[in-house]
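Please keep the sequence and the model in view while reading.

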Amino acid sequence: MYLPPLRVPVRTIGARTFDFSRRVAVMAVVNRTPDSFFDQGRTFALDAAVAASFDAVAAGADWVDIGGAPFAPGEAIPPDEEADRVVPVVAELRAGSDVVISVDTFHASVAARAIAAGATVVNDTTGLSDPDLARVVADSEATLVLTHSLAAPRTVYARPAYDDIAREVADFLLERVERAAAAGVPEERIVLDPGHDLNKNTLHSLELTRRLSEIADLGYPTLAAVSNKDFIGETLDAPRSERRDGSIAAAVVAIVNGARIIRMHDVAGSVAAARMTEAILGLREPAYLKHNLGDVNE
């Protein structure tokens, strides 16, 4: 059984504390965009985004990730517009819950406004493309997610090629850790994400999943954002609406290989999968014991 060698396993993020040596956190996804790759604008309206956030908490999410701009190539969204999308959701969710709230942004100005509204994590899918973002996080108490990707934000990166994808992703992430540390972000507030599908093809993402322990070996909690990604759709020949089971399977494999945070759309199913995987790995006790423990067989 593989257990990641975490440098700082116990993390306090906002009002919640996680022992990542024994616990997997489930991060729900709420995108306040009209063109998000999975929900296609279902939670673009403010009331829909807020309702989805609270629904995720009710379903057992430890963490809600709120985004206002897609990763995919396209027209740039001005930071003020992005902030106007995400900050009201952050503020309303914070007012009603102590859940971990992350803002999915690469803009320092958006991160600053979201942190002021109650976000406790900045989830940067571009690996510090904005040189000021790490400083904004350092000046707060927020955690920083550093993600591997190669393209400049919202731009095309055709036919990515790797000689050794796990090693190259690990090297990239370590270099970004050094940048964050130089800006003042302490190691106990850093999380790493190998960036499934971000400037990677399906074979790359499959290999990263089975070699995820090489990312977890870096010693930081590893986030696996596998839910409904194209590598699952291409593997199973499944449209976006039919990738739930494949997503949960990928998340379980990621956990077995060291992931300690899984970013998922189906919260209830993912929570059940995470808790079952924890129990199989010996990291948690069953909720109760009754079967075949009495004086007669059951």
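Predicted model: local features only at pLDDT ≥ 70, side-chain atom pairs only at ≥ 80, totals over all residues.

With which residue does Asp 266 form a salt bridge, and how far apart are the closest N and O atoms? The partner is Arg 244, and the closest N and O atoms are 2.3 Å apart. Asp 266 lies in the loop between β10 and α10 (267–280), whereas Arg 244 belongs to helix α9 (residues 244–256), so the pair ties together parts that are 22 residues apart in sequence.

**Exposure of the opening pair**
- Asp 266 counts as partly exposed, with a relative accessibility of 25%.
- Arg 244 also counts as partly exposed, at 42%.

**Other salt bridges**
- A search of the whole structure finds 20 salt bridges.
- One of them joins Asp 65 to Arg 263, with the closest N and O atoms 2.9 Å apart. This pair links distant parts of the chain, since Asp 65 is in strand β4 (residues 63–67) and Arg 263 is in strand β10 (residues 259–264), 198 residues apart.
- Both Asp 65 and Arg 263 are buried.
- A network of salt bridges links Arg 23, Asp 62, Arg 275, Glu 278 and Arg 284.

**Helix α5: length and sides**
- Helix α5 (residues 165–182) has 18 residues, which at 1.5 Å a residue should span 26 Å; its end C-alpha atoms are 26 Å apart, in agreement with that value.
- The buried residues of α5 are Ile 165, Ala 166, Val 169, Ala 170, Phe 172, Leu 173, Arg 176, Val 177 and Ala 180. They cover an arc of only 165° around the axis, and therefore lie on the same side of α5.
- The face turned away from this buried side carries the exposed residues Glu 178 and Ala 182.

- An α-helix has 3.6 residues a turn, so residues three or four places apart point the same way.
- Arg 167 is partly exposed, with a relative accessible area of 37%, and Asp 171 is partly exposed, with 42%.
- Just after α5, Gly 184 takes a positive phi of about 105°.

Methods
Residues numbered from 1 in each chain as written. Heavy atoms only, no water. Helix = DSSP H or I, 4+ residues; strand = E, 2+ residues; numbered from the N terminus. Expected span 1.5 Å × (residues − 1). Buried < 20%, exposed > 50% of the residue type's maximum accessible area, 1.4 Å probe, protein only. Arc of directions from axis to C-beta. Salt bridge = Lys/Arg side-chain N within 4 Å of Asp/Glu carboxyl O.
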